[in-house]
Amino acid sequence: MERVLEESLTPPLRDLERAGLEAPRFEDFDWNGDPEYASLMMWGPDGGGTGLSVRRAARLEERVASAADQVQEWAIETHLWGAAPTNWPPCPNHPDTHPLQAVVHDHRAVWLCPADQSVMAAVGEV
Ligand SMILES: [Zn+2]
């Protein structure tokens with residue numbers, strides 16, 4: 001895996017692991033084809049694949065938030081849809097309502113409550 005992808009994915013994968021969710025199997029495959037982006041495929045246990053990409057020129061916190069958002073989407077579709085409530089990572093203030101949202105806040109990639117805009121944790125520290 002390219003370093004630009006690896007450093008973007010390390011924090012969200014830590015959150016995934018702590019939640020007890022199996023990480024995707026990564027395949028080095030540049031499906032995007034745009035040299036401004038680094039991309040790969042994420043494969044789930046059911047054989048479904050989803051692409052992930054990050055913009056090479058973006059700052060680390062932007063790439064981490066973007067990767068977290070894409071890993072979250074993958075996790076919800078792969079692990080949680082139709083099984084558990086589709087809220088990973090769950091919002092501590094509204095655990096039955098919505099998952100947290102990965103955004104850049106104060107130059108950090110964080111998980112935010114989309115309802116009241118509270119910053120709950122840094123990505124990688126849920
Ligand atoms: Zn909330």
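What share of the contacts in the protein chain between residues at least 6 apart in sequence join residues at least 24 apart? I looked this up at the outset and found 40%. I note that the model is a predicted one.

**Overall form.** I read the secondary structure of the protein chain as 2 helices and 6 strands. Along the sequence I recorded the pattern α-β-β-β-α-β-β-β. For a compact globule of 126 residues I would expect a radius of gyration near 14 Å, and the protein chain agrees with its 14 Å. I noted that the C-alpha atoms fill a box of roughly 40 × 35 × 20 Å along the principal axes.

**Surface.** Buried residues account for 39% of the 126 residues.

**Zinc site.** I identified Cys91 (SG), His94 (ND1), His98 (NE2) and Cys113 (SG) as coordinating the zinc ion, at 2.0 to 2.3 Å. The 4 donor atoms subtend angles of 105 to 114° around the zinc ion, so I classed the arrangement as tetrahedral. In sequence, I found the donor residues spaced C-x2-H-x3-H-x14-C. I placed His94 in the loop between helix H2 (60-80) and strand S4 (101-105), and Cys113 in the loop between strand S5 (108-112) and strand S6 (119-122); the pair therefore ties together parts that are 19 residues apart in sequence.

I listed Cys91 as buried, because its relative accessible area is 0%. Cys113 also counts as buried, at 0% relative accessibility. His94, at 25%, counts as partly exposed.

**Disulfides.** I searched for disulfides and recorded 0 in the structure.

Key
Residues are numbered from 1 along each chain as its sequence is written. This is a predicted model: local features need pLDDT of at least 70, side-chain atom pairs count only at pLDDT 80 or more; totals for chains, interfaces and linings use all residues. Side-chain values use heavy atoms; hydrogens and water are left out. Donors are N, O and S atoms within 2.8 Å of the metal (3.2 Å for Na, K and Ca); water is not among the atoms, so sites may look incomplete. Four donors count as tetrahedral if all angles lie between 85 and 135 degrees; four count as square planar and six as octahedral if opposite donors are over 155 degrees apart and all others between 65 and 115; anything else is irregular. Helices (H or I, at least four residues) and strands (E, at least two) are DSSP runs, numbered from the N terminus. Buried means under 20% relative accessible area, exposed over 50%, partly exposed in between (1.4 Å probe, protein chains only). A disulfide is a pair of cysteine sulfur atoms within 2.5 Å. The radius of gyration is taken over C-alpha atoms; the globule rule is 2.2 Å times the number of residues to the power 0.38. Contact means heavy atoms within 4.5 Å.
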